[in-house]
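I opened my notebook to look around a protein model, one topic at a time. Here is what I looked up, in the order I went.

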Amino acid sequence: MEFPFANAPTEGKKTPQTLTEKIVQRHAIGLPEGKLVRSGDYVQIEPYRCLTHDNTSSVLKKFVSMGATRVKDPGQMVFALDHDVQNKSESNLKKYEQIKAFAKKNVRKADCRMLIPRQVEELFVWPGKLCVASDSHSNMYGGMGVGAFAVVRTDAASIWATGKSWFQVPPVVQLNLTGTLPPGVTGKDVIVALCGLFKSDVLNHAVEVKGSEETLASISVDNRLTISNMSTEWSAISAIFPIDRTLERWLRYKATEAAMFEDRTTRERITHEKIDELYADPVQADPGAYYAKQLYLNLSTLSPYVSGPNSVKLSTPLSEIAPKKIKVDRAYIISCTNSRASDIAAAAKVFQDAAKANSGKIPKIAEGVKLYIAAASVREQEIAEDSWQTLLEAGSIPLPPSCGPCIGLGKGLLEDGEVGISASNRNFKGRMGSRNAQAYLASPEVVAASALSGVISGTGVYKAPANYSGVDFGYGTGSPVTTESELGNVLEQLESLIDRVESSAVDDTSKAITKILPGFPEMISGEIVFCDADNLDTDNIYPGKYTYQDDITEEGMANICMSNYDPDFGLVAKPNDILVSGFNFGCGSSREQAATAILAKKIPLVVAGSFGNIFSRNSINNALLCLEVPRLIERLRATFTSLDKLPTRRTGWTLTWDVARSVVKVQEGKNGDCWEEKVSEVAENLQEIVAKGGLENWVKHEIMKTEA
């Protein structure tokens, strides 16, 4: 696949790059000599690692269907079985055995151990490297300075077969942190607050964290991992912390541990010599690098936060929620986000502190409440053994190290009318059980305190400072305000508005004809079916409980498409309709079925105000076409008001996309207004993937060409 580059190679002084651009530059292949990678560029990358998990079996099927007979680079591949391990059915156990057999045959011995821990714990990832995973929370690696991005199943199969994949360098936001984390405030509080304070500012952006040595030293690596992990829910593509002294201390500990204990397999991947080499010339952003936006948050002004119910973007200070005494039915300290040894210890301390007022006896969880605990890995549970025992003594229900209830699998799911509070990363409606339940997110400490008291509550450790006036946050660097800095902040916010206005104008340039490759449609037209919701996530599009059922037919997928959003969607939507929704459509997990289920429903085009990046990638890879037309969403919402709101509505409006002219035409009903709007061109390299029927067929074609 050839990638056109808008930026010509430059001579003379090298222009500054962001940390994200630098990491991509180091892993990009086929660049013209002297080409500097920039946000917006399409490049081919050779990732350092590619992780798959329970979905390895689905990736394997795609790998085989591509006609691939061997793995290009066994050293790239890491498998981790961690999602559906509670499922002891014959079919699931057989699937696991098939994955293990494939790993034994195709993956290097050092990298083929079937691990429940993610790549961080076993150090399969490394600071400054570009690592991908077929999991939407692979950006967690950014907490240790890794360029970490989610890919999808077809991408993973392509990387197995060719060692490379396509990638568009995202725009980058710089998050400037000031102050220090107060006692009783955690990384979970930071990211939950960010999700609410800057709801849409980082959509489809990479985030680079910046702060003084003192500020960053107040954020442990475990807390960084939590922040980077939930940057997905913040709508970012990634969140990367600098390769600093706090990270070095963490790495040194890991290297010493690996050298001292023979059972630590990390000695194959980490040594003090390797750390010396890393810090001799750590990759970092250049001074003067361009950022699409700058945001700031003063950590010293932050307090414990709670997210929900049923939306990550609804974040509220605990001090405002606790007085409501919201009764809790189930509590969870689980998932990759917050169930490491430090999290388990923090939760256990809540009960240990309460024991001091209970004659030294560990108190029991409140009557009527069930607390479920699952460590991030077997090893993390072993490290936290004393704390684990404390939680068991309090009456917690242990689950195996896995995703479990976080993804709606296994025991402990929320039932109708129940309220749950979890230390996991998503509280989308219906994700953790019933659509008629309410789910909140919080730190392990707050979850434990809520389970102990029976209502959403805190530990009392955090004390608000005198004359506290709320969180200090905003646009810019957080430095003292000057006339110049205020003007710069205003200009940054105006840029997106200017871009919007310019893209809305249909002028003579729209008459230019885009080259359409054979097999790519020149025009698509259909009636608009409107699902009026922002942040309509992949759990809503394709319920998590079906994610690892590989035997669902196309008809079955069509029947459950959008069912977690609207059970009646299947009755309203018809083949050849154009599905239109709000902003950030397809956010959430990397499940490929979110795109393929819509295709199974015979819907050829999805239009939204904006899309989650992972859904956009899934759509391209599976030949589902998508368009961003914010004006259309505004017009629909102005016409079909909230007073007459239906989850899924047949509008009587029609949309026609003239692909060659890069213009959409909307007819607002039989006698309504008719208007046109310019939309983005479809690049030829992406047309090529879609015209072949998706990335799977494109790779198959490339393999056939190579063998010929």
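**Entry 1: salt bridges**

How many salt bridges does a search of the whole structure find? I got 35, where a salt bridge is a side-chain nitrogen of Lys or Arg within 4 Å of a carboxyl oxygen of Asp or Glu. Side chains of opposite charge can pair when their charged atoms come close.

Before going on, I noted that this is a predicted model, in which local features need pLDDT of at least 70, side-chain atom pairs count only at pLDDT 80 or more, and totals for chains, interfaces and linings use all residues. Residues are numbered from 1 along each chain as its sequence is written, and side-chain values use heavy atoms, with hydrogens and water left out.

I started with Lys-35 and Asp-41, whose closest N and O atoms are 2.8 Å apart in a salt bridge. Both Lys-35 and Asp-41 are buried; buried means under 20% relative accessible area, exposed means over 50%, and partly exposed is in between (1.4 Å probe, protein chains only).

Next I looked at Arg-650, which has a salt bridge to Glu-527 at 2.9 Å, N to O. Arg-650 sits in strand 24 (residues 649–658) and Glu-527 in strand 20 (residues 523–531), so this pair ties together parts 123 residues apart in sequence. Strands (E, at least two residues) and helices (H or I, at least four) are DSSP runs, numbered from the N terminus.

Arg-650 also forms a salt bridge with Asp-577, at 2.7 Å from N to O. Asp-577 is in the loop between helix 18 (569–572) and strand 21 (578–581), so its pairing with Arg-650 ties together parts that are 73 residues apart in sequence.

Buried or exposed, I wondered about Asp-577? Asp-577 is buried, at 4% relative accessible area. Arg-650 is partly exposed at 28%, and Glu-527 is partly exposed at 24%.

I also jotted down a network of salt bridges that links Arg-245, Glu-248, Arg-252 and Asp-276.

**Entry 2**

I stayed with strand 24 and checked its partners. Strand 20 and strand 24 run antiparallel and are joined by 7 bridges; two strands pair if DSSP finds at least two bridges between them. Ser-525 has Thr-656 of strand 24 as its bridge partner.

Strand 24 also runs antiparallel to strand 25 (residues 663–667), with 5 bridges between them. Here Asp-658 stands opposite Val-663 of strand 25. The hairpin of strand 24 and strand 25 has 4 residues between the strands, and Ser-662 takes a positive phi near 55 degrees there.

**Entry 2: nonpolar cores**

Which residues have the most contacts inside the largest nonpolar core? I found Leu-251, Leu-632, Leu-655 and Trp-657, in a core of 101 residues. A nonpolar core is a set of buried Ala, Val, Leu, Ile, Met, Phe, Trp, Tyr and Cys residues joined through side-chain atoms within 4.5 Å.

Leaving aside neighbours within four places in sequence, Trp-657 is in contact (heavy atoms within 4.5 Å) with residues including Met-523, Ile-524, Leu-605 and Val-663. A second, separate core has 36 residues, among them Phe-351 and Ile-456.

I then traced an open sheet of 5 strands in the order 10-9-8-11-19, with mixed pairing. Strand 10 (238–240) and strand 19 (473–475) are at the edges with a single partner strand each, so one side of each has no neighbour in the sheet. Inside the order, strand 8 (residues 172–178) and strand 9 (residues 206–211) pair in the parallel sense over 6 bridges. Leu-177 has Gly-211 in strand 9 as its bridge partner.

Most residues other than glycine have a negative phi, and most peptide bonds are trans. I therefore marked the cases that go the other way.

- The peptide bond from Gly-308 to Pro-309 is cis, with omega near 10 degrees. Pro-309 is in the loop between strand 12 (305–307) and strand 13 (315–317).
- Asn-204 has a positive phi near 60 degrees and is buried, at 17%.
- Ser-335 has a positive phi of about 85 degrees and is buried, at 5%.

**Entry 3: confidence**

I finished with pLDDT, the predictor's confidence in each residue, from 0 to 100. The mean for the protein is 89, and 92% of its residues reach 70 or more. Over residues 109–117 the pLDDT is below 50, and this stretch has 35 contacts in the model beyond near neighbours in sequence.
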